[in-house]
Amino acid sequence: MWFSYEGLGWGDTVNGCAVTVSVRLRDDEVVEEQKWLAASIELLGSAAPWRTFCGYKGQKHYSGMYWSATTQDLVSYESHRELTRLMYADFDPAVRGIVAQPFLLKATVEGQVRKHIPDYFLITEDGPVVVDVKPRRRLSKPVVACTFAWTRRAVESRGWRYEVWNEPPEAELENVRFLAGYRRGWLFVPEVLEELRRTDLDGASLGQASQRLPGRPEQCVRAAIHHLLWTHELLTDLNEPLRPTGILRRAA
């Protein structure tokens, strides 16, 4: 049994809760130790990052801010891998909200108080997803395995999905990273985007598609196609490097 609340199981509570969550709000107010099962998606989705960070000489982690097309705002990350997972969330059309370091979970595991801050909280069409990002080589470490095990049970007790994210396929990563450069919709000429939406591009190659609007500069059309790939209005195989020979499909 994972939790030691005097022998009680996950379905039971002590003083009203078995697992608690603390949330830092945008105005720096902290909502302390709410019942995990009762904390609303709205509360968790409106959280500010639990930790703050700043760059300094010699730091070991690559941290920064990423402008998200999904949230239309900056989202923080604390490593290259977190940035990668953040880009994937931004690229996912099912994701409606992204919160970095969203809350502090607290539970008693085998008689000891344990705390954990997940890396991301994603609000999706299919329900919330709590994400931890960790290199595959570190997953077997006892502390990491224990933390992720009780976190998974807490998340899944709400019917939500818990994900431990590692390294993605290299070709897919390079494609998503490339297309992320075209995520800012206001940089594209609206008339070009509309003309492309009206043009039959299903089955055309990337190279052919960029020539389908002869009255427009080819580089402008190509960039707009990349934006439509980012928004999933156009699809292509991202398991292979993007090439002019890649075949386009219209989203269903």
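Here are some notes on the predicted model above, going from the whole chain down to a few elements.

1. Overall make-up. This is a predicted model, so keep that in mind throughout. The protein chain holds seven helices and twelve strands. Of its 252 residues, 45% count as buried. The accessible surface comes to about 13400 Å², and carbon and sulfur atoms account for 50% of that. On contacts: among those between residues at least 6 apart in sequence, 57% join residues at least 24 apart.

2. The mixed sheet. Four strands make an open sheet, ordered E5-E8-E9-E10, with mixed pairing. Its edge strands are E5 and E10 (161-165), each of which pairs on one side only. From one strand to the next the twist averages 20°. E5 and E8 (residues 120-124) run antiparallel and are joined by five bridges. If you want a spot to look at there, valine 99 stands opposite phenylalanine 121 in E8.

3. Helices on that sheet. H2 lies across E5, E8, E9 (127-133) and E10, and runs at about 10° to E8. Helix H3 (residues 142-156) also packs on the sheet, where it touches E9 and E10. The direction of H3 makes about 150° with that of E10.

4. H2 itself. How enclosed is H2 by the rest of the structure? Largely, because ten of its twelve residues are buried.

5. Alanine 100. Buried or exposed, what does alanine 100 count as? Its relative accessibility is 4%, under the 20% cut-off, so alanine 100 counts as buried. Alanine 100 lies in strand E5 (residues 95-100). Leaving out residues up to four places away in sequence, alanine 100 touches Pro49, Val75, Ser76, Asp119 and Tyr120. Take aspartate 119 from that list: 19 residues separate it from alanine 100 in sequence, yet the C-alpha to C-alpha distance is 5.8 Å.

6. The antiparallel sheet. Four other strand labels turn up here: E2-E1-E6-E7 is the order of an open sheet whose pairing is antiparallel. E2 (30-35) and E7 (112-116) stand at the edges with a single partner strand each, so one side of each has no neighbour in the sheet. The twist averages 20° from one strand to the next. Inside the sheet, E1 (residues 20-24) and E6 (residues 104-109) run antiparallel, joined by three bridges. Threonine 20 has lysine 106 in E6 as its bridge partner.

7. H4 and its buried face. In H4 (residues 170-180), the buried residues are Leu173, Asn175, Val176, Leu179 and Ala180. Looking down the axis of H4, these fall within an arc of 165°, so they line one face of the helix. The general rule behind this sort of pattern: an α-helix has 3.6 residues a turn, so residues three or four places apart point the same way. What do the buried residues of H4 pack against? Strand E3 (64-68), helix H2 (80-91) and helix H7 (218-230).

Technical notes. Residues are numbered from 1 along each chain as its sequence is written. This is a predicted model: local features need pLDDT of at least 70, side-chain atom pairs count only at pLDDT 80 or more; totals for chains, interfaces and linings use all residues. Side-chain values use heavy atoms; hydrogens and water are left out. Buried means under 20% relative accessible area, exposed over 50%, partly exposed in between (1.4 Å probe, protein chains only). Helices (H or I, at least four residues) and strands (E, at least two) are DSSP runs, numbered from the N terminus. The arc is that of the directions from the helix axis to the C-beta atoms. Contact means heavy atoms within 4.5 Å. Accessible areas come from the Shrake-Rupley method with a 1.4 Å probe; for residues, only the protein chains shown count as cover. Two strands pair if DSSP finds at least two bridges between them. Axes are lines fitted to C-alpha atoms, for helices over the stretch in contact, and angles run from 0 to 180 degrees between N-to-C directions.
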